[in-house]
Amino acid sequence: MMNVHEDVQNYYGQQLQQSTDLKTDACCSKAQVPSFIKDIIKKIHPEVVAKYYGCGLVFPPKLEGCRVLDLGSGSGRDVYILSSLVGPQGYVVGVDMTKEQLDVANRFIDYHTKIFGFEKANVEFRLGKIEQLTDDSRLQINSFDVIVSNCVVNLSPNKKKVLQQIYEMLKPGGEFYFSDVYADRSIPEDLRQNKILWGECLSGAICESDLISDALDVGFTRPILVTKQPIGVNNEELQKLLGDIKFTSCTYRFFKNKSIEDSTSFNDKLGTLVTYQIPIVHYENEFQFNHSITFKIHDKPQYLNAELTKMLRISRYSDNFKFDPITDEKQVLNISNDVCDQQILNDQSSSSCCCRPGTC
Ligand SMILES: C[S@@+](CC[C@H](N)C(=O)[O-])C[C@H]1O[C@@H](n2cnc3c(N)ncnc32)[C@H](O)[C@@H]1O
């Protein structure tokens with residue numbers, strides 16, 4: 001019988017020494033890296049980069065001055081990239097339960113503080129499980145603007161508990177932005193007991209419909225998909241065990257709900273016409289909100305339904321957008337059916353699978 005926490009600690013603390021030791025391509029990011037992030041990665045210590053096991057990019061826009069928490073921060077590559085992005089006025093905390101990973105991350109704090117030209121460190125690492133952040137890592141509730149995580153939630157035996165902890169740690173309107181491994185169906189119990197497949201981020205892979213229902217239960221806004229890419233296992237022996245289960249690497253964003261006081265005469269039920277009008281650094285031309293909605297700066301307004309409007313308005317991005325209320329139902333009728341249909345589709349689970357045993 002697996003003890004998930006112990007087995008995962010053993011996998012990342014003892015068995016793997018560097019990314020090339022992984023047996024599959026699941027924890028290997030194939031995401032296109034923007035040039036400003038590439039420039040930061042060049043400054044990260046090679047020992048930290050060698051132990052990177054992420055499956056996506058977890059750097060949402062507008063991080064300057066933010067307090068950010070990275071769950072399952074490993075050797076710290078993403079924490080150090082975030083350190084540069086939040087700048088000296090911001091702060092980044094990394095949490096990981098594997099001491100060996102944390103030791104590497106801690107060893108290079110001074111190195112990165114110097115290389116980024118900061119007077120004092122703006123990062124710290126804490127040992128602890130992501131299912132019990134207040135107890136293990138002594139973190140304050142409502143204290144983070146943004147929480148990120150890269151290829152870690154799949155490794156947790158209690159994913160809903162992790163979402164509950166994230167909800168508590170975020171400030172109202174705060175964003176959870178994370179990349180992880182997803183499966184298109186329920187993983188059979190015998191594969192869930194396979195320590196290598198679990199360690200490789202496959203046996204614990206998340207089901208999108210479970211993620212969405214857990215997130216809504218906890219109180220988040222509806223999760224929105226930002227990117228989705230297929231994952232190849234690329235290991236004949238393990239592929240045989242997995243059969244035709246399909247895996248993807250997805251990046252989702254969702255927000256901690258907050259009520260918005262409104263002096264304007266918004267009729268939220270009808271949605272809004274939204275213009276990206278104040279550019280965000282590094283995203284001066286466009287801002288990708290989800291996998292099908294990208295705002296071009298000063299372009300013609302785009303329709304957002306009521307739910308997506310609320311998400312953008314409660315977020316830290318709100319000030320960069322102009323929201324024109326829709327006051328007349330006829331305006332909605334004039335908006336192309338395609339735009340509306342797409343947003344209805346985005347609102348539903350992007351996967352028709354029903355992974356949690358007993359829920360179908
Ligand atoms: C696939 S690695 C990713 C590490 C890092 N995010 C990166 O991109 O390099 C998974 C990391 O999550 C940590 N981890 C897994 N489950 C955890 C849990 N329940 N609590 C805390 N850390 C966990 C492991 O120790 C490991 O360092």
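Mentor: Glutamate 47 and arginine 107 meet through their side chains in a salt bridge, at 2.9 Å from N to O. The term denotes a side-chain nitrogen of Lys or Arg within 4 Å of a carboxyl oxygen of Asp or Glu. Glutamate 47 belongs to helix α3 (residues 46-50) and arginine 107 to helix α5 (residues 99-107), so the pair ties together parts that are 60 residues apart in sequence. Helices (H or I, at least four residues) and strands (E, at least two) are DSSP runs, numbered from the N terminus.

Before going further, please note that this is a predicted model, in which local features need pLDDT of at least 70 and side-chain atom pairs count only at pLDDT 80 or more, while totals for chains, interfaces and linings use all residues. Residues are numbered from 1 along each chain as its sequence is written, and side-chain values use heavy atoms, with hydrogens and water left out.

How open are the two partners? Glutamate 47 is partly exposed, with a relative accessible area of 33%, whereas arginine 107 counts as exposed at 52%. Buried means under 20% relative accessible area, exposed over 50%, and partly exposed in between (1.4 Å probe, protein chains only). In general, side chains of opposite charge can pair when their charged atoms come close.

This bridge can be set beside others, for the structure holds 17 salt bridges. One of them joins glutamate 286 and lysine 296, with 2.6 Å from N to O. That pair links distant parts of the chain, 10 residues apart: glutamate 286 is in strand β9 (residues 286-288) and lysine 296 in strand β10 (residues 294-296). Glutamate 286 is partly exposed at 36% relative accessibility, and lysine 296 is partly exposed at 43%. Elsewhere, bridges that share partners join Glu175, Arg253 and Arg316 into one network. A further bridge connects aspartate 39 with lysine 42, where the closest N and O atoms are 3.4 Å apart. Here aspartate 39 is partly exposed, with a relative accessible area of 43%, and lysine 42 is exposed at 67%.

The side chain of glutamine 101 places an N or O atom 2.9 Å from an oxygen atom of the ligand. A backbone N or O atom of tyrosine 53 lies 2.8 Å from a ligand oxygen, and a side-chain N or O atom of histidine 5 is 3.5 Å from a ligand nitrogen. The protein covers 100% of the 600 Å² of accessible area that the ligand has on its own, areas being found by the Shrake-Rupley method with a 1.4 Å probe, and for residues only the protein chains shown count as cover.

Among the buried residues are Arg77, Asp78 and Tyr80. Glycine 87 follows α4 and has a positive phi, near 75 degrees.

Technical notes: Polar contact = N/O pair within 3.5 Å; in protein donor to acceptor, adjacent residues only side chain to side chain.
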